[in-house]
Amino acid sequence: MTLLGKLDWSAVPFDQPIVMGTVGVMVVAIVSVLSWVTLRGYVRYLWREWITSVDHKRIGVMYIVLALVMLLRGFADGIMMRTQQGIAAGGAQGYLPPEHFDQIFSAHGTIMIFFVAMPLVIGLMNFVVPLQLGARDVAFPTMNSISFWLTASGVLLTNLSLAIGEFAKTGWFAYPPLSELQFSPGVGVDYYLWSLQISGVGTLLSGVNFVTTILKIRAPGMSYMRMPVFCWTALASNLLMVAAFPVLTALFAMLLLDRYLGFHFFTVDAGGNAMMYVNLFWVWGHPEVYILVLPAFGVYSEVAATFSGKSLFGYRSMVLATMAICVLSYTVWLHHFFTMGASASVNAFFGITSMIIGVPTGVKVFNWLFTMYGGRVRFTVPVLWTIGFMVTFVFGGLTGVLLALPAVDWQVHNSVFLVAHFHHVIIPGVLFGAIAGYNYWFPKAFGFKLDERWGKAAFWCWFIGFHLAFMPLYVTGLMGMPRRLQHSDVLAWQPWLLVAEVGAIVIFAGIICQIVQIVVSIRHREQLRDTTGDPWNGRTLEWSTASPPPAWNFAVLPRVDGLDAFWAHKQRVLAKQELPVQQHAYRSIEVPKNSPVGFVTAFFAVVTGFALIWHIWWMAGFGVLGAVATLLAFMFRTKDEVEIPADEVALFDRAHPVEVSL
Amino acid sequence: MNVAVEMDAVRHGELLDISEAGPAPKRIIAGFGFWIFLLSDIVMFSALFAGYAVLAKASAGGLTGAQLFDQRNVAMETALLLLSSYSCGMMSLAINSQRYLATFLGAVVTFLLGAAFLALELNEFQGMIALGATPERSAFLSAFFTLVGSHGLHVTVGLAWLVLMMVQLSLRGFQDVVLRRLHCFSLFWHALDIIWVLIFTVVYLMGVLP
Amino acid sequence: MRSILLASVLIGASLLGGCTEGVLNPKGPIALAERQILINATGIMLAIVIPVVIATLGVAFWFRASNERAHYRPDFTYSGRIELLVWSVPLMTVLLVGTVAWVSSYDLDPPKPIASSTKAIKVQAVSLDWKWLFIYPELGVASVNHLTIPVGTPVSFELTSSGVMNSFFVPQLAGQIYTMAGMVTRLNMRADYAGTYRGLSANFSGDGFADMHFKVDATPSERFAQWVSSTSSAGLVLDLKTYADLARPSAAVTPFTYHSVAAGLFDSIRMSSTQSDDALCRSYPTSMRAER
């Protein structure tokens, strides 16, 4: 036993130029950002206004920034895989040896699901839900900050694995026995498990927070059937987080016990049962799909209604469909392994339940269609993403129903057909929605709109690139190509894989357009400024306050007497042809006090996770003690709110009138 | 002119529906949030139960539940934990009427009963390990120690929490924030009972079925 | 327009698949039936999906804000008839495709023997790191990374794994099935045409996974008999000791054969991973669905 456990210099892959090059670029990027921040004297500002902030809007923005940065990392992994598979055909071995390639596809999946898709939807919910509910913050603001920073800890640990040690070589779901110590003795699986355990706690707390917020902190008058649809989808998504993530936590705890203490949950010997892992993994894993997809459906609903100038068609149907998906998502997990050899009746049952989920999803597509029908559709960037989603997603759904047929699934499971399918639903279903939401709510968050032209260019690159990248995989899948293949001897697949590679490059062009879009928008922010707080002629309460909203969101809690409360208000004003003149007595508002507890806890979580991965027990003890001490200090603090005086509220409110054009 | 100002005037009538009443008070929010957290905790236990149910017979030639479980010991553990829930309930009553002495007394009794439960459980574990029935021996024992041990860990956390709450109570008195936390604690303690009843049934009673 | 792209890709795929190895070019009754279901289900759903896509694009285009002729109806937010329609259309589709799912799950259930006048031959397949072992228990021979079967005769597989999970897959003959340590899965297939087909592991199993494929030779029965006699006359013996050598991790192993196989080797491979003398436990892991 040494002081540093299993850690020594051999953990750093100095002999691998690709890894070291990436690490070098990342280090340079981090150092230059940090030194820029320090030299410009932004450290204090960042600490006071962002890092310790418990404001749901700031936390939401930080989630999305984190997700977008990780999107670059995940995409880099993706394009590396495409390149490897494109060139390693026939006798060629490509440029990535198996032990490296295996880490890349595992990291790609893990990062894209947990550190891109999850933070994107959680970030959007953070920013939007309290504003739409007419609330001043979430139920537990400090816990919200802890959730975010624990997610960031998971991100940090995953990325550390690039420079120190290795990542899992098991695929992103780490099936045992492959992920057991016997077959994966390295630290890769431990990195995977501890990063996801730590960020998983964050996600769970987030779920608790938002369920409570949505059910208990709505503006007066906002009954359940008056909630905006995005809030309904957020409620469904967070209920799923609360009910699904603990399964993952328990499951990973079991695998950790196997790996660290010699337990036998999933081992090959002593009665362990690896298929139990597979079952429990997908008991979490399928609801997880809807955790991601449902909020995106909510975004599409908001975008479709706003830019059609109509209320959402069939609101009650949409709510029913959302909650139906929420419940049904627990009845389908076995379709991820029809090839396990379950009996025909079990396969048939899960096949049919999987298809039944298609019913409420289909209803949603029809309702978006009828929302546009009779509307005045403005083809803004969010609308492009929405329509792009609709026409793409239905085909992803089609291949999904094919995979839900056990007899077809046996032929295409584990193939790149499957890879094409889940990218076909998750990219339009989650990523398009998140980008639509990002373009839609950006002016609310920062007070200026994003550039339309670059936004549209990004959409077309993504849309075309997506089809080029994934349609060929359906073909090679049907030709019998399994997923996760480091090289192949079948030359017939290669032309298709090269087309897919071109598609990935076109998507990359889309990403570049998005980066340019941000830069251009910041430079032209004065032209793009939103002074009204309502740049899109919106319908829901978030547009009834200033852009960006003050820390307290609403000077006076809005009263709601129907769906689309803000729209209804504007209609009344238009009908009366005069602006309301009634004055209101402003009261002082208590807002939660900023707290470093999230950041400090997360720091200790990283220390603990890193120590456990490398078996540095003293350091793990130190990390746990530190985290406990931080939480104790938080428990004993005396003041957790600051009061904003009524004058300040009034001053801000008068300076930021929400204009209704007459 | 803030739009909310005007909206405020839209409706002066009585709010009939509870769902339209506006933001709930902090006490309700904290308790409700903790309920949701407890639900998630119960989901976590249900995954551990599922694991145990799958592996309950996988003793891999080692000792089985029927050979290991001592019903008398388990009955005593159950009695202790249920009694501690009762004393926790008494403590809640004392808190509601803001009586310091009764609250501390309730806490001390709850703590002692909980600690006795833990001692018995650890003693049981020790006895099993002495017989060679360690968690490394078989999948059944892995699942057993994980499930029952997780509950024990929760009890330990509960005891530490109780001590902290008594410290806070003596420092701050019956402040709102202390009351909210005490309320959450009692929810937590009762939830552990529910889980224990399930463990008692699924592990110890069904474990000795022929 | 996107739908046309996708449809053309699918059609192109089926054309291309027709002249290469793969799911769309089946050579046996199971794979043939599975392809038929794939095509039928795709057809049923395209009948819904393509109109939806066209309607989406059409509605969005016609109701564009700049179109003066489009009638703006902001109050058109509910219609009972349309709600009925939007719930019933997907429901009917699912009823239809669900029936297909139900029937085909039973008809094509992998453990279900294929009705045939000729007696099925038994093959026991074991996935090792990273190669395939095929034992012919009735013939007493075995081969590695090469499967030889007679044309027109059903082949009945029992499958397990030495450790890591793999998936046994011959796309042109039948769907895949997992191989799992300590458990046995079953699969039946038949080749109706002589030829060499590609077989592979479809489930990622570690560093040597990419080379974990094998050739399946479907030969006329007389050629098969020849192969059996030549195999059983020379080569290595497969017993627990040589099995232990074979089980060591290795990738891209050149195919070879064993001329005799120790009796009950397959069962002891399965048992070795459970390591148990407890009767309950022995039956236990397989009772978890896999054995049924």
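Which residue in strand 8 of chain C is the bridge partner of Phe157(C)? It is Leu187(C).

**Before you start**

This is a predicted model, in which local features need pLDDT of at least 70, side-chain atom pairs count only at pLDDT 80 or more, and totals for chains, interfaces and linings use all residues. Residues are numbered from 1 along each chain as its sequence is written, while chains are lettered from A and ligands numbered from 1 in the order in which they are written. Helices (H or I, at least four residues) and strands (E, at least two) are DSSP runs, numbered from the N terminus.

**Stop 1: the domains of chain C**

Colour residues 22-107 of chain C as domain 1 and 121-284 as domain 2. These bounds come from an automatic or database domain assignment. Over C-alpha atoms, the two domain centres are 42 Å apart. Ten residues of domain 1 of chain C are in contact with twelve of domain 2 of chain C. Contact here means that C-beta atoms, placed from the backbone, lie within 7 Å. The domain 1 side of chain C that touches domain 2 of chain C has five nonpolar, three polar and two charged residues. Ala, Val, Leu, Ile, Met, Phe, Trp, Tyr, Cys and Pro count as nonpolar, Asp, Glu, Lys and Arg as charged, and the others, Gly among them, as polar.

**Stop 2: the seven-stranded sheet**

Stay in chain C and select strands 8-5-1-2-3-12-11, in that order. They form an open sheet with mixed pairing. Strand 8 (185-189) and strand 11 (236-238) of chain C are its edges; each has a single partner strand, so one side of each has no neighbour in the sheet. Neighbouring strands are turned by 30° against each other on average, direction ignored. Two strands pair if DSSP finds at least two bridges between them.

Strand 5 (residues 155-161) and strand 8 of chain C pair in the antiparallel sense, over five bridges. Here is the opening pair, Phe157(C) and Leu187(C).

Next, select strand 12 (256-261) and helix 4 (221-233) of chain C. Helix 4 of chain C packs on the sheet and touches strand 3 (141-144) and strand 12 of chain C. The helix direction makes about 75° with that of strand 12 of chain C. Such angles run from 0 to 180 degrees between N-to-C directions, and axes are lines fitted to C-alpha atoms, for helices over the stretch in contact.

Now look at the strands beside strand 12 of chain C. Strand 3 of chain C runs antiparallel to strand 12 of chain C, joined by three bridges. Val144(C) stands opposite Phe256(C) there. Strand 11 of chain C pairs with strand 12 of chain C in the parallel sense, also over three bridges. Find Leu236(C) opposite Tyr258(C).

**Stop 3: the five-stranded sheet**

Select strands 4-10-9-6-7 of chain C, another open sheet with mixed pairing. Strand 4 (146-150) and strand 7 of chain C stand at the edges, each with a single partner strand, so one side of each is left without a neighbour in the sheet.

Strand 6 (residues 166-170) and strand 9 of chain C run antiparallel, joined by two bridges. Phe169(C) stands opposite Leu200(C) in strand 9 of chain C.

**Stop 4: where chain C meets chain A**

Show both chains. 89 residues of chain C are in contact with 85 residues of chain A. On the chain C side, helix 3 gives the most, with 16 residues. That side has 55 nonpolar, 23 polar and eleven charged residues.

**Stop 5: a helix pair in chain A**

Select helix 10 (residues 344-372) and helix 11 (residues 381-404) of chain A. Their axes come within 10 Å and cross at roughly 165°. That makes helix 10 of chain A roughly antiparallel to helix 11 of chain A (an angle over 145 degrees). The contact includes Gly351(A) and Trp368(A) of helix 10 and Met390(A) and Gly397(A) of helix 11. Its residues divide into seven nonpolar, five polar and no charged.

**Stop 6: loops of chain A**

Go to the loop between helix 5 (141-163) and helix 6 (188-216) of chain A, which holds Pro177(A). A cis peptide bond joins Pro176(A) and Pro177(A), with omega about 0°. Ala174(A) is in this loop between helix 5 and helix 6 of chain A. Its phi is near 45°, a positive value in a residue other than glycine.

Finish at Pro548(A), in the loop between helix 15 (494-523) and helix 16 (565-576) of chain A. The peptide bond from Ser547(A) to Pro548(A) is cis, with omega near -15°.

Methods:
Angles under 35 degrees count as roughly parallel, over 145 as roughly antiparallel, 65 to 115 as roughly perpendicular and the rest as oblique. Two residues are in contact if their C-beta atoms, placed from the backbone, lie within 7 Å.
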